[in-house]
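User: Can you walk me through this model? I'd like to start with the core and then jump around a bit.

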Amino acid sequence: MKDFILKFKFIDQLIKSDKTPLHILLLSAIIGACAGLLGVAFQFSVDFISTIRVSKVEQYLSDPLHIAIAIFIVSMILSMISYYIVKRFAPEAGGSGIPEVEGALEDLRPVRWWRVLPVKFLGGLGTLGSGMVLGREGPTVQMGANIAGMFADIFRLKQGENRHILLASGAAAGLSAAFNAPLAGIIFVIEEMRSEFKYGLISFKSVLIGSVMATIVFRVIYGSSTLLNIGTFDHVDLSALWLFLLLGFLMGLVGLSFNRSLLFLQDRFEAFYRGKMLRFVITGGIIGGSCGVIALYLPDLVGEGFNVIHAWRNGSFTLQMLLIIFLLRFLTSIICFSSGATGGIFSPLLALGTLFGALFGDYAIHFFPQYELHTGIFAIAGMGALFAATVRAPLTGAILVLELTSSFTLILPMLITCLGATIAAQLFGGHPLYTVLLEKTLLKNHQPIRNPLDTPNCEPRSTASTETKS
């Protein structure tokens, strides 16, 4: 009996020694599970719309010209509905949504979950379902954060720190659910949102719990298999690592060009729209309809990107085709995203990085056969490097790709390539894409801003107040 009392006291002391409020951790788990369910539902709905959009037309029509016209009309209607509801009901649901989450973590942007959740879901169905070159991760990250905002309002969390913790947890859960990548979701919030994320033991626990719960939900429904089965590769010889540094440098230049092209075209679109609904909706309809038709004949040029990665893996491309598809997808990616469509940029970047990495790898193997490398190693490294150069998050890029492909033996060349890409982009004056997009949104809405572009190496905020309040 005495031993039992001592054990009970020990457990009681252990519980009391942890200052983490249990309700925050419990809410993080619930938010993670809900974000996972919504992410799975979003993925299923996009796949369903994409399939039925073509199958129903081909079921009733046989003439190729009639099929093309019908696909254009259906895709145009889907994208026009998306552009309209975003512009009319929730402009903050346009684009990726990740800059909005970063702004919310600094109390610079509001979290209007009651309108963002339905508009983001339906808007994403319209654009991704029409075949546009966009990813699902932007919508799932923003929807995850808005689910957190909903629970924070329902339970009337008054402390700003706790609300921010839940927002970060929801964002991490959204990314984890999009890619079946729990570690990438955690690292993304800590690295990409480093100037907004409130570091501390409580916040880290919450983000970890949210990400894990979202991944569990995803795997219960879809299974635990990797999303990109590119192959299994051995460790890279140390003498060949300089090739990956060179690839990273080149990828940094590609990422810099991508960001500047996207921002330039975004300004041109906004100048053309002039705030007019009709121009915005019609432009979206033309882009969506065109992508729908292109998907019929040249599917590798459109879509979120996983399709073209699998096509390359099956040996469908020559060197010339790799270059052409890379250039054309580069163009379609920036057109779709800069037009204001609802959707993310992660997946298109992964596809572009794979194509450029494979192209570089073919030449590297030709000129340096003594290293006995496989093109797939360069493709995987390039996949993460372009993301790192564009978003300026090398660790997230590396971890995300390693989880997507289960190529953990390539962690060293991957890190070298991502780091080289990030350094090159920074040396030539590049800025993180989401930071620039957030600054543009704040300026457009005449809001006071801090300018992290002038201080790229932001120091983490002190967490002492967070721990004390909690």
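This is a predicted model: local features need pLDDT of at least 70, side-chain atom pairs count only at pLDDT 80 or more; totals for chains, interfaces and linings use all residues.

User: Okay, how many residues are in the largest nonpolar core, and which have the most contacts inside it?

Analyst: The largest nonpolar core has 125 residues, and those with the most contacts inside it are F179, F346 and L373. Helix 15, spanning residues 375-391, gives the most to this core, with twelve residues, and the core draws at least three residues from each of domain 1 (21-222) and domain 2 (238-443).

User: What is F346 in contact with, leaving aside its neighbours within four places in sequence?

Analyst: With those neighbours set aside, F346 is in contact with I98, E137, L175, F179, F188, F387, L400 and Y434. Of these partners, F179 is itself listed with F346 among the residues with the most contacts inside the core. There is also a second, separate core of five residues, which includes I85, V86, A90 and A93.

User: Which of its residues are buried, and what do they pack against?

Analyst: The buried residues of helix 17 are P413, M414, T417, C418, G420, A421, T422, A424 and A425, and they pack against helix 10 (241-273), helix 15 and helix 16 (394-405).

User: Pockets next: what's the volume of the largest one, and which residues lie nearest its centre?

Analyst: About 800 Å³ of space lies in the largest pocket, whose lining is made up of 27 residues, with P91, G94, E270, T441 and K444 nearest the centre. The elements that give two or more residues to this lining are helix 3 (64-89), helix 4 (98-105), helix 10, helix 13 (319-338) and helix 18 (433-444).

User: Last one, I209: where is it, and why is it called partly exposed?

Analyst: I209 is in helix 9, residues 201-222, and it counts as partly exposed because its relative accessible area is 26%, which falls between the cut-offs of 20% for buried and 50% for exposed. Leaving aside neighbours within four places in sequence, I209 is in contact with L25, S28 and A29. The C-alpha atoms of I209 and A173 are separated by 8.6 Å, with the two residues 36 apart along the chain.

How values were computed:
Residues are numbered from 1 along each chain as its sequence is written. Side-chain values use heavy atoms; hydrogens and water are left out. A nonpolar core is a set of buried Ala, Val, Leu, Ile, Met, Phe, Trp, Tyr and Cys residues joined through side-chain atoms within 4.5 Å. Buried means under 20% relative accessible area, exposed over 50%, partly exposed in between (1.4 Å probe, protein chains only). Helices (H or I, at least four residues) and strands (E, at least two) are DSSP runs, numbered from the N terminus. Domain bounds come from an automatic or database domain assignment. Contact means heavy atoms within 4.5 Å. On a 1 Å grid over the protein atoms alone, a cavity is a set of points where a 1.4 Å probe fits but cannot get out, and a pocket is an open set with protein on both sides within 12 Å along at least five of seven lines; lining residues have an atom within 4 Å of a point. Grid points are joined across faces, edges and corners, and a volume is the space filled by probe spheres set on the points.
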